[in-house]
Every structure is written in structure tokens, then in C-alpha cells.
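Please write a briefing on the structure shown below.

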Amino acid sequence: PRDRPEDHVDERQAVDVMLFGHEPPLAVGPGGVRTLSAGAGLPLGCRELAPGPPETRRWRVSGDETVLLVTDGVTEARDGAGAFYPLADEVSRAVAADPGVAEPARLAAFVRDGTMRHGGGHLADDTTVFAVRRAPAHRRPGGEAPEGGRLRS
């Protein structure tokens, strides 16, 4: 199933997840939102307190999915009643209404705007929103065409 870690995934279709005190990343695509979990680790800077490194898990990520990473400033943003920002639920609703929200720039803007709206226009903690997607197979990083190939636009 798509919602389970996979050990034998082609590296070009995978992301390795290791957590250091933040929420696990989400894979966001037209088919919905999945949590890419891994064993919990202590926050960065506390390694000497841990018995060893946290567990790493490999997940298959399809070409139409965006990997969304956020810091706890996003997930712990509170509204006037003290409720945390429901990141996965909000992203799931948005992608169900418009699958184009899964595109990295749109997704990052959606989460930024939702976090600010939820917090009444101010944040109590530092926040980071990072959304990435694998480059299409017909292009290399930097926009170069593969050997013998041509760029498509």
C-alpha cells in the first residue's frame, strides 16, 4: 500500500525520513495527503542525550507529489481559542477542492497564509515551510537535458 514505508524503492522515487523533534513530512498530491513517518528523535542539539540516531524510513514519493516539511511554529500556531493549526486537515481539504494546490509554490503559500490566518496575523514561534517536488524525468537539475535528449517546455 502507498501509506507504508518501503525498503526496496528506487532512489529516484524515494525520500528517506529521519525526524529530529519536528512533525513528520507530508506527501501532498492530487490523490490526497500522506504522513511520511519515522521513528521519533530528540531535537537537534540534544544528540548527546539520545541512545543513538533516530530510525530512518524510506518512502516512495510519486512524481506528482510534493514533500511538505514544516517546523513546529506552523503546527503549534494557536487560534483565539488556543487550538493548534490543523495542518494535514487543512491541506487535505484544499487539495480535494483544487489538486493544483499540491504544486510546491502554491502549497507553501497556502500553508503560510493558513498559519497566519489561524494565528490571527501573528506567530508566537519561528516558522519554516519547505515544499519540494522531484524534477521531471526529462530534465536534470539546472534545466539541462539528459544525454541525447531535448528540453521540453
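In the protein, 63% of the contacts with a separation of 6 or more are between residues 24 or more positions apart; contact means heavy atoms within 4.5 Å. This is a predicted model, in which local features need pLDDT of at least 70 and side-chain atom pairs count only at pLDDT 80 or more, while totals for chains, interfaces and linings use all residues. Residues are numbered from 1 along each chain as its sequence is written, and side-chain values use heavy atoms, with hydrogens and water left out.

**Overall make-up**

- The protein has three helices and six strands; helices (H or I, at least four residues) and strands (E, at least two) are DSSP runs, numbered from the N terminus.
- Read from the N terminus, the order of the elements is β-β-β-β-β-α-α-α-β.
- Of the 153 residues in the protein, 27% are buried. Buried means under 20% relative accessible area, exposed means over 50%, and partly exposed is in between (1.4 Å probe, protein chains only).
- Accessible areas come from the Shrake-Rupley method with a 1.4 Å probe, and for residues only the protein chains shown count as cover.

**Nonpolar cores**

- In soluble globular proteins, nonpolar side chains tend to be buried together.
- A nonpolar core is a set of buried Ala, Val, Leu, Ile, Met, Phe, Trp, Tyr and Cys residues joined through side-chain atoms within 4.5 Å.
- The largest nonpolar core has 16 residues, and those that touch the most other members are Val28, Leu68, Leu87, Val91, Leu107 and Val111.
- Two or more residues of this core come from each of strand E2 (26–29), strand E5 (66–70), helix H2 (87–97) and helix H3 (104–118). H2 gives the most, with four residues.
- A second, separate core has eight residues, among them Val17, Leu19, Trp59 and Val61.
- Not counting residues up to four places away in sequence, valine 91 touches Val28, Val33, Leu68, Leu107, Phe110 and Val111.

**Histidine 118**

- Histidine 118 is part of helix H3, and it counts as buried because its relative accessibility is 17%.
- Two backbone atoms lie close to polar atoms of its side chain: the nitrogen of aspartate 79 at 3.4 Å and the oxygen of alanine 83 at 2.8 Å. A polar contact is a pair of N or O atoms within 3.5 Å; within protein, one must be able to donate a hydrogen and the other to accept it, and residues adjacent in sequence count only if both atoms are side-chain atoms.
- Leaving out residues up to four places away in sequence, histidine 118 touches Ala77, Arg78, Asp79, Ala83, Phe84, Tyr85 and Pro86.

**Salt bridges**

- Side chains of opposite charge can pair when their charged atoms come close.
- A salt bridge is a side-chain nitrogen of Lys or Arg within 4 Å of a carboxyl oxygen of Asp or Glu, and by this rule the count is five.
- One of them joins arginine 34 to glutamate 65, with the closest N and O atoms 2.9 Å apart. Arginine 34 is in strand E3 (residues 32–35) and glutamate 65 is in the loop between strand E4 (56–60) and E5, so the pair ties together parts that are 31 residues apart in sequence. Both residues, arginine 34 and glutamate 65, are buried.
- Another joins arginine 106 to aspartate 98, with the closest N and O atoms 2.6 Å apart. Arginine 106 is partly exposed at 39% relative accessible area, and aspartate 98 is partly exposed at 30%.
- Aspartate 113 forms a salt bridge with arginine 112, the closest N and O atoms being 2.9 Å apart. Aspartate 113 is partly exposed at 36%, as is arginine 112 at 48%.

**Surface patch and a loop residue**

- Leu69, Phe130 and Val132 make a nonpolar surface patch of about 240 Å². Patches are made of residues with over 30% relative accessible area and no salt bridge, where like charges are joined within 9 Å and nonpolar side chains (Val, Leu, Ile, Met, Phe, Trp, Tyr) within 5 Å.
- Phenylalanine 130 belongs to strand E6 (residues 129–132) and is partly exposed, with 47% relative accessibility.
- Leucine 123 is in the loop between H3 and E6 and is partly exposed at 33% relative accessibility.
- The C-alpha atoms of leucine 123 and valine 74 are 8.6 Å apart, and the two residues are 49 residues apart along the chain.
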